[in-house]
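This report describes the structure shown below, moving from individual contacts to the chain as a whole.

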Amino acid sequence: MSAQCEVTAKMAAGAPMSIFERFLTLWVFLCIIAGIALGQFLPGVFQAVGRMEVAQVNLPVGLLIWVMIIPMLVKVDFGALHEVREHVRGIGVTLFVNWLVKPFSMAFLGWLFIRHLFAPMLPAEQLDSYIAGLILLAAAPCTAMVFVWSRLTNGDPLFTLSQVALNDTIMVFAFAPLVGLLLGISAITVPWATLLTSVGLYIVIPVALAQLWRKRLLSKGQAAFDAAMERIGPWSIGALLLTLVLLFAFQGEAILKQPLVIALLAVPILIQVFFNSALAYWLNRKVGEKHNVACPSALIGASNFFELAVAAAISLFGFESGAALATVVGVLIEVPVMLLVVRVVNASKPWYERRPA
């Protein structure tokens, strides 16, 4: 293992959960209220913000999303990719769940709940958009928060690091084709040019900038890197919350008319989180993987890179779309649900380590 990978792994293993992260659901809920209120009292201001576009990219949102994503990607050490061979079984399980189960199961759940079971209770013109948002949410595996979940389960930091690096590498190439395929299967027209632009703007360029920044910080020593991470850590959550205020300012009218929408959209998201985390956890046990690998595998398999999903939804379908709202519901429930999964995998360790006779 390289010295750089070892240092990064130790940092990932020991990183505390900040107050922003611990109470993210509360901050999101407050942003919903603030956004809806500001949208009602200052509609002209937000309409002006909405018009600040170049090539279908909203400039204020684009800037906020870069501030949101890049600090997270600085933490990712792509040098850890060579560690993949040390955890082949766990990596294989996580990749299977992340790329072959989760996106397709979410597309099915969206079709079942949004297009059929809940359709009478939702605005008919937004059904396709809601499903698109759910697909975008499921097609992007989690990046930064996984380090927190892994620490809370005493997960193997090198496994977590190598899995995140591998997922980010795959996402550069697979996100657009996967989203395009699933939207096509769901009979939703996808603007390919905008989708590819989103991948370039919100995956390729941020990854490149983040790795250049990471290299420069590490050249000054580990202390400088750690100090920078501590300083820029709150930027991501702060930018996310400002983005949500903007989004809910645009979504406010629709939510006030149909407040049940958020609860209905949460149902397929909750089901896919519990299903995929349980599947990854069980499969790791079946293949004989250690508990400290199975836990982060289950959490990576279930959680989402919701920042990317929000960005792509806004770029593809706009602020006022059902897709943008669906991705934000994912943000709203991410922390409490993942903390519940953490408790379950920790409590079930004796069962996990008890091998069948």
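## Leu127 and its surroundings

In this predicted model, Leu127 touches Ile114, Ala119 and Leu122 when residues up to four places away in sequence are not counted. Leu127 is found in helix H7. With a relative accessible area of 12%, Leu127 is buried, because buried means under 20% relative accessible area. The C-alpha atoms of Leu127 and Trp111 lie 9.4 Å apart in space, and the two residues are 16 apart in sequence.

## The salt bridge

How many salt bridges does the structure hold? The structure holds 1 salt bridge. This salt bridge is formed by Asp128 with Arg115, and the closest N and O atoms are 2.8 Å apart. The pair links distant parts of the chain, 13 residues apart: Asp128 belongs to helix H7 (residues 127-138) and Arg115 to helix H6 (residues 88-117).

Both partners have intermediate accessibility values. Asp128 counts as partly exposed at 31% relative accessibility, and Arg115 counts as partly exposed at 26%. Side chains of opposite charge can pair when their charged atoms come close.

## Nonpolar core

The largest nonpolar core holds 127 residues, of which Phe175, Leu244 and Phe248 touch the most other members. H11 contributes the largest share of this core, with 16 residues. In soluble globular proteins, nonpolar side chains tend to be buried together.

Leaving aside neighbours within four places in sequence, Phe175 is in contact with Leu136, Ala139, Ala140, Ile170, Leu195, Val199, Ile203, Leu308 and Ala312.

## Ile69 in helix H5

Ile69 lies in helix H5 (residues 59-74). Is Ile69 buried or exposed? At 0% relative accessibility, Ile69 counts as buried. Not counting residues up to four places away in sequence, Ile69 touches Tyr202, Pro206, Phe305, Glu307 and Leu308. Leu308 is also among the contacts of Phe175.

Ile69 and Ile203 are 134 residues apart along the chain, with their C-alpha atoms separated by 8.7 Å. Ile203 is likewise one of the residues in contact with Phe175.

## The second largest pocket

The lining residues divide into 10 nonpolar, 7 polar and 4 charged.

Which helices each supply at least two residues of this lining? They are helix H3 (24-41), helix H4 (43-50), helix H11 (222-257) and helix H15 (322-347). H11 gives the most, with 7 residues. H11 also provides the largest share of the largest nonpolar core.

## An exposed loop residue

Asn154 is not a glycine, yet its phi is positive, at about 55 degrees. The residue is found in the loop between helix H8 (145-152) and helix H9 (157-185). Asn154 has a relative accessible area of 64% and is therefore exposed, the cut-off for exposed being over 50%.

## The chain as a whole

The chain contains 16 helices and 2 strands. Of its 357 residues, 57% count as buried. Among contacts between residues at least 6 apart in sequence, 86% join residues at least 24 apart.

Key
Residues numbered from 1 in each chain as written. Predicted model: local features only at pLDDT ≥ 70, side-chain atom pairs only at ≥ 80, totals over all residues. Heavy atoms only, no water. Helix = DSSP H or I, 4+ residues; strand = E, 2+ residues; numbered from the N terminus. Nonpolar A, V, L, I, M, F, W, Y, C, P; charged D, E, K, R; others polar. Core = buried A, V, L, I, M, F, W, Y, C linked by side-chain atoms within 4.5 Å. Buried < 20%, exposed > 50% of the residue type's maximum accessible area, 1.4 Å probe, protein only. Contact = heavy atoms within 4.5 Å. Salt bridge = Lys/Arg side-chain N within 4 Å of Asp/Glu carboxyl O.
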